[in-house]
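This report is meant for a reader who is meeting this structure for the first time. Please look over the sequence and the model before reading on.

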Amino acid sequence: LCLQVPELEKATVRIREPERVRGIIQSLREQGVAKLQVISDFDMTLSRFGCNGRRCPTSHNILDTSRVISEDGKKKLKDLLHHYYPIEIDPNRTLEEKRPLMVEWWTKAHELLVQQKIHKEDIAQIVRESEAMLRDGFKEFFDQLHKNNVPLFIFSAGIGDILEEIIRQANVFYSNVNVVSNYMGFNDDGVLTHFKGPLIHTYNKNNTVLQGTGYFQQLSTRTSIILLGDSMGDLTMADGVPSVENILKIGFLNDKVEEQRGKYLDSYDIVLESDETLDVVNGILRYILAE
């Protein structure tokens, strides 16, 4: 397979069952472009986890640390992060334990943001001033999918308004891109008053929050899926797809690599360890989409 997709030779790539993965990629190619769709997480999957030894911000972080948040607000949001993030990535806690705690975290964070009276018109500037970075190779990724009319579904527990602005400013917000995320609700004066439901957190990215969107129903012929994520919670993102024939799950293992490796290899077909690029994904797409 490395002959067809040389990127799989990269030192960052881990695959537990190479033969199985080869079979899936082969099937994706045989089924053809008309059956393909890509379902992806956003924060730390399409966006970078780190750069030059520093953490890159998530869509929540971008807002939390921006100039529109008071010092007191920043401190409270940071305290929430320090309390809940270790729970989110704790390999020893079950999803059942984590879920209510994630709802608690997101709800508290959103309440704090609402108190800050954020203006809609500030969002573009907030993103411009941030250190948000998409992964290296993002342009080829978005361009390949757009050129071949492959739907890209971004399913994010982040803030939809922020992540859409990141994609827009990168000039890759094409017509084939569809986003489901936590969106802000503004009053007539353009001031943030609430977050629109349903609440999407790390561990409920599945059918429960997709009800009523009908997105996957419209794409019922798109039975070949490439799924991109960076957490255990991302594995359920394709649950709403009516009849999956082939699915290739690619996981970015960004944090606590040694501790989490086993779990990721059990769950994802291809695991990319501390890899800040979309090289492997682009290589696989090039192979599948080749005439």
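The text below turns to the domains and their interface, and then to one helix.

The model is a predicted one, and the domain assignment of the protein gives domain 1 (6-51 + 133-289) and domain 2 (54-129). The table sets out values for this pair of domains.

| Item for domain 1 and domain 2 | Value |
|---|---|
| Separation of centres, over C-alpha atoms | 21 Å |
| Area buried between domain 1 and domain 2 | about 3,000 Å² |
| Part of that area given by carbon and sulfur atoms | 67% |
| Residue pairs in polar contact | 15 residue pairs |
| Salt bridges | zero salt bridges |

On the side of domain 1 that touches domain 2, the elements that give two or more residues are strand 3 (50-51), strand 5, helix 7, strand 7 (184-186), strand 8 (192-195) and helix 10 (257-267). Helix 7 gives the most to this side of domain 1, with six residues. Counted by residues, 35 of domain 1 are in contact with 31 of domain 2.

Which residues of helix 6 are buried? In helix 6, which spans residues 138-147, they are Phe141, Phe142, Gln144 and Leu145. Seen down the axis of helix 6, these buried residues fall within an arc of 160°, so they line one face of the helix. The buried residues of helix 6 pack against strand 2 (36-40), strand 5 (152-159), helix 7 (160-169), strand 6 (177-182), strand 9 (224-229) and helix 11 (279-289). Just after helix 6, Asn149 takes a positive phi of about 55°.

How values were computed. Residues numbered from 1 in each chain as written. Predicted model: local features only at pLDDT ≥ 70, side-chain atom pairs only at ≥ 80, totals over all residues. Heavy atoms only, no water. Buried < 20%, exposed > 50% of the residue type's maximum accessible area, 1.4 Å probe, protein only. Helix = DSSP H or I, 4+ residues; strand = E, 2+ residues; numbered from the N terminus. Arc of directions from axis to C-beta. Contact = heavy atoms within 4.5 Å. Domains from an automatic or database assignment. Buried area = accessible area lost by both parts, 1.4 Å probe. Salt bridge = Lys/Arg side-chain N within 4 Å of Asp/Glu carboxyl O. Polar contact = N/O pair within 3.5 Å; in protein donor to acceptor, adjacent residues only side chain to side chain.
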